[in-house]
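Reader: I would like a close look at one part of this model, with the whole chain as background. Please give the cut-offs as you go.

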Amino acid sequence: MIALLRAADRIAAPWKNGGGVTREVALSPPNASMDDFDWRISIAEVRTAGPFSQFDGVDRTLTILQGRLLLRLDDRSVELSQDSTPFVFAGDVACDGTPVDGPVTDLNVMVRRGRFTARTERLTGDSQRTISTTSVLVACGPAVIRCGGETVSLQRFDATRFAAPDAHFFTLKGKAVLIEIA
């Protein structure tokens with residue numbers, strides 16, 4: 001019932017604009033390109049200041065997993081850290097990121113506007129949840145998840161995927177980010 005997505009199995013790929021590297025966690029439909037995905041979840045490394053890739057018709061949610069990032073958009077600037085609430089912004093708006101005091105690792109969720117939505121939430125300690133949408137859970141450190149009689153140990157940045165339409169009840173020990181796609 002639990003689809004395990006190990007961090008060690010991910011392949012680094014250049015950003016769409018060539019300014020950094022990303023590792024894909026989950027994608028729909030499978031084998032979609034950067035131009036025709038329905039939704040995409042990835043973990044990126046930001047080592048130097050520069051523009052984010054633009055994605056027309058895409059809504060993005062950025063969650064900092066490590067470090068601090070100053071994000072500048074057309075109408076505002078915000079500093080994000082691993083304690084910040086996930087930050088939602090339009091993927092077709094110009095955006096620049098500057099790491100503050102060292103490299104940044106971020107979790108990036110992108111969905112096609114008008115077709116899909118994403119809800120991203122940090123979970124800490126002991127958590128229990130029932131989910132009924134396609135969902136991905138990304139561990140922020142060592143964690144244990146129990147679901148449907150299965151127990152899985154996760155290492156940092158490992159993930160699990162739950163597919164809709166089945167409802168899933170799970171318990172989590174550790175820190176993770178839960179992404180629900182609808």
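What share of the contacts in the protein chain with a separation of 6 or more comes from residues 24 or more positions apart? Then, for the close look, in what order do the five strands of the open sheet stand?

Author: This is a predicted model, in which local features need pLDDT of at least 70 and side-chain atom pairs count only at pLDDT 80 or more, while totals for chains, interfaces and linings use all residues. Residues are numbered from 1 along each chain as its sequence is written, and side-chain values use heavy atoms, with hydrogens and water left out.

The share is 68% for residues 24 or more positions apart, taken among contacts with a separation of 6 or more; a contact means heavy atoms within 4.5 Å. The protein chain has 17 strands and zero helices. Both are DSSP runs numbered from the N terminus: strands are E runs of at least two residues, and helices are H or I runs of at least four.

Now the five-stranded sheet. Its order is β1-β15-β12-β17-β10, and this open sheet is antiparallel in its pairing. Two strands pair if DSSP finds at least two bridges between them. The edges are β1 (3-5) and β10 (118-123); each has a single partner strand, so one side of each is left without a neighbour in the sheet. Neighbouring strands here are turned by 20° against each other on average, direction ignored. Such angles are taken between N-to-C directions of lines fitted to C-alpha atoms, for helices over the stretch in contact, and run from 0 to 180 degrees.

Strands of a sheet pair through backbone hydrogen bonds, either parallel or antiparallel.

Four strands make it up in the order β11-β16-β13-β14, with antiparallel pairing. β11 (126-131) and β14 (150-154) are at its edges with a single partner strand each, so one side of each is left without a neighbour in the sheet. Its neighbouring strands are turned by 20° against each other on average, direction ignored. β11 runs antiparallel to strand β16 (residues 168-173), and six bridges join the two. One of the partner pairs is Ser 127 with Leu 172 in β16.

As for the background, the radius of gyration of the protein chain is 16 Å, which agrees with the value near 16 Å for a compact globule of 182 residues. The radius is taken over C-alpha atoms, and the globule rule is 2.2 Å times the number of residues to the power 0.38. Along the principal axes, the C-alpha atoms fill a box of roughly 45 × 35 × 30 Å. Of the 182 residues, 46% count as buried, meaning under 20% relative accessible area, with over 50% called exposed and the range in between partly exposed (1.4 Å probe, protein chains only).

Leaving aside neighbours within four places in sequence, the contacts of Asp 38 include Met 110, Arg 112 and Phe 116.
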